[in-house]
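Colleague: Hi! Could you walk me through this model when you have a minute? I'd like to start with one of the strands.

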Amino acid sequence: MDQPTVGILHPGRMGAAVAGCATANAAAVLWCEAGRSAASAARAVEFGLTPVSTLPELLARSDIVISLCPPAAAEELASDVAEHAFTGLYVEANAINPERAQRITALLGSDATVVDGGVVGSPPVGGKTPTLYLSGPAAAAEHIKALFSGTAVRTAVLGTEVGKASALKLSYASFQKTSRVLVALAVGMAREYGVDQELLEVASRRTDSYLAEPEYVAKTAARAWRWGPELEEAADALEAAGLPPEMLRAAASTLARWNDAKDDGKLTLADALDRLAQP
């Protein structure tokens with residue numbers, strides 16, 4: 001598989017850019033025109049992808065197929081591929097949970113070799129260098145590493161167990177995306193009460209990420225008995241401002257799992273996470 005033919009399903013913003021990187025080491029990168037938008041076609045042209053008319057043609061010509069689509073469509077798309085008995089290497093690179101990745105592997109596995117994938121980072125354009133995490137059969141993962149060698153898409157293999165790459169992707173996404181929503185709620189509340197500029201000034205004093213400080217989780221658990229009610233108050237303020245309160249109420253409900261750790265200064269990260277997992 002020195003210069004494989006690759007198929008991309010489908011050339012969205014991330015998929016087209018990732019596929020464009022694959023052109024460096026592939027004989028061709030194909031995309032299927034059927035049912036796709038003018039915007040998809042424009043992205044395909046921009047990234048040097050080769051059009052084909054139908055999915056069966058793409059599958060027949062491809063050694064490797066990469067699935068990068070909206071998460072809700074991942075299994076339906078895999079079912080379409082399975083109907084045509086694709087026998088190459090299928091990279092399930094969507095933001096789906098590990099159980100869905102394993103279902104797709106079972107669906108395709110009798111014919112194809114499936115590698116679980118998860119892209120962390122922005123599309124590889126303008127100097128951005130996302131990482132495609134991989135888990136699955138070792139030889140297949142090595143083929144994908146070779147496909148992106150020397151390109152803006154970095155690769156990292158997490159092992160042979162399908163689901164690990166998906167788990168890492170969703171673990172990071174749960175923080176990355178939820179934190180953006182929390183920013184919107186915080187700034188929205190502050191703006192409603194006329195203190196948004198003051199909030200931004202306070203925030204500017206601290207620019208590092210809480211995700212890089214997991215040891216703070218134990219301190220959070222010890223303070224949960226106070227923080228939970230505080231978030232309920234904040235949720236009430238959001239509701240009064242016409243903003244959705246559900247996320248903060250859910251956070252307060254999560255904190256309630258730590259109520260029995262009140263001011264426990266000896267709590268460890270492992271203790272806190274164990275308690276969090278107990279309903």
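Modeller: Happy to, and keep in mind that this is a predicted model. Take strand S4: Ile64 and Ile66 point one way, while Val65 and Ser67 point the other way, and all are buried.

Colleague: Got it. Which strands does S4 pair with, and do they run parallel or antiparallel to S4?

Modeller: Strand S1 is joined to S4 by four bridges, and the two run parallel. S4 and S5 are also joined by four bridges and run parallel.

Colleague: Can you give me residues? What stands opposite isoleucine 64?

Modeller: That is valine 6. For isoleucine 66, the bridge partner in S5 is valine 91.

Colleague: What else does isoleucine 66 touch?

Modeller: Leaving out residues up to four places away in sequence, isoleucine 66 touches Val6, Gly7, Ile8, Leu9, Val91, Ala93, Leu147 and Phe148.

Colleague: Which residues touch the most other members of the largest nonpolar core?

Modeller: Ile66 and Phe148 do, in a core of 30 residues. At least two residues each come from S1, H1, S2, S4, S5, S6, S7 and H6.

Colleague: And which element gives the most to that core?

Modeller: Helix H1, with seven residues. There is also another core apart from this one, made of 22 residues, including Leu55, Ala74, Ile96 and Leu108.

Colleague: Let's change topic to charges. What's going on with glutamate 92?

Modeller: Glutamate 92 lies in strand S5, which covers residues 89–92. Glutamate 92 is buried yet has no salt bridge.

Colleague: Which side chain of opposite charge is nearest, and how far away?

Modeller: Arginine 100, at 7.4 Å.

Colleague: What polar contact does the glutamate 92 side chain make, then?

Modeller: The side chains of glutamate 92 and asparagine 94 are joined by a polar contact of 2.7 Å. Beyond neighbours within four places in sequence, glutamate 92 is in contact with Ser67, Ala74, Ile104, Val114, Val115, Asp116 and Gly117.

Colleague: And arginine 100, which residue does it form a salt bridge with?

Modeller: Glutamate 75, with N to O at 2.7 Å. The pair links distant parts of the chain, 25 residues apart: arginine 100 is in helix H5 and glutamate 75 is in helix H4.

Colleague: Are those two buried or exposed?

Modeller: Arginine 100 is buried, with a relative accessible area of 15%. Glutamate 75 counts as partly exposed, at 25% relative accessibility.

Colleague: How many salt bridges does the count come to?

Modeller: Ten. One of them joins the side chains of glutamate 201 and arginine 205, at 2.7 Å N to O. There, glutamate 201 is partly exposed at 41% relative accessible area, and arginine 205 is exposed at 62%.

Colleague: What about aspartate 260, which residue is its salt-bridge partner?

Modeller: Arginine 275, with the closest N and O atoms 3.3 Å apart. This pair also links distant parts of the chain, with aspartate 260 in the loop between H10 and H11 and arginine 275 in H11, 15 residues apart. Aspartate 260 is exposed, with a relative accessible area of 62%, whereas arginine 275 is partly exposed at 24% relative accessibility.

Colleague: Which residues are linked in a network of salt bridges?

Modeller: Glu232, Asp236, Glu239 and Arg249.

Colleague: Last topic, the backbone. Where is the cis peptide bond?

Modeller: From leucine 9 to histidine 10, with omega near 5 degrees. Histidine 10 is found in the loop between S1 and H1.

Colleague: And which residues other than glycine have a positive phi?

Modeller: Among them is alanine 85, with a phi of about 50 degrees. Alanine 85 lies in the loop between H4 and S5 and is partly exposed, at 38% relative accessible area. Another is aspartate 263, with phi near 55 degrees. Aspartate 263 is found in the loop between H10 and H11 and is partly exposed at 49%.

Key
Residues are numbered from 1 along each chain as its sequence is written. This is a predicted model: local features need pLDDT of at least 70, side-chain atom pairs count only at pLDDT 80 or more; totals for chains, interfaces and linings use all residues. Side-chain values use heavy atoms; hydrogens and water are left out. Buried means under 20% relative accessible area, exposed over 50%, partly exposed in between (1.4 Å probe, protein chains only). Lys and Arg count as positive and Asp and Glu as negative; His and the chain ends are not counted. A salt bridge is a side-chain nitrogen of Lys or Arg within 4 Å of a carboxyl oxygen of Asp or Glu. A polar contact is a pair of N or O atoms within 3.5 Å; within protein, one must be able to donate a hydrogen and the other to accept it, and residues adjacent in sequence count only if both atoms are side-chain atoms. Contact means heavy atoms within 4.5 Å. A nonpolar core is a set of buried Ala, Val, Leu, Ile, Met, Phe, Trp, Tyr and Cys residues joined through side-chain atoms within 4.5 Å. Two strands pair if DSSP finds at least two bridges between them.
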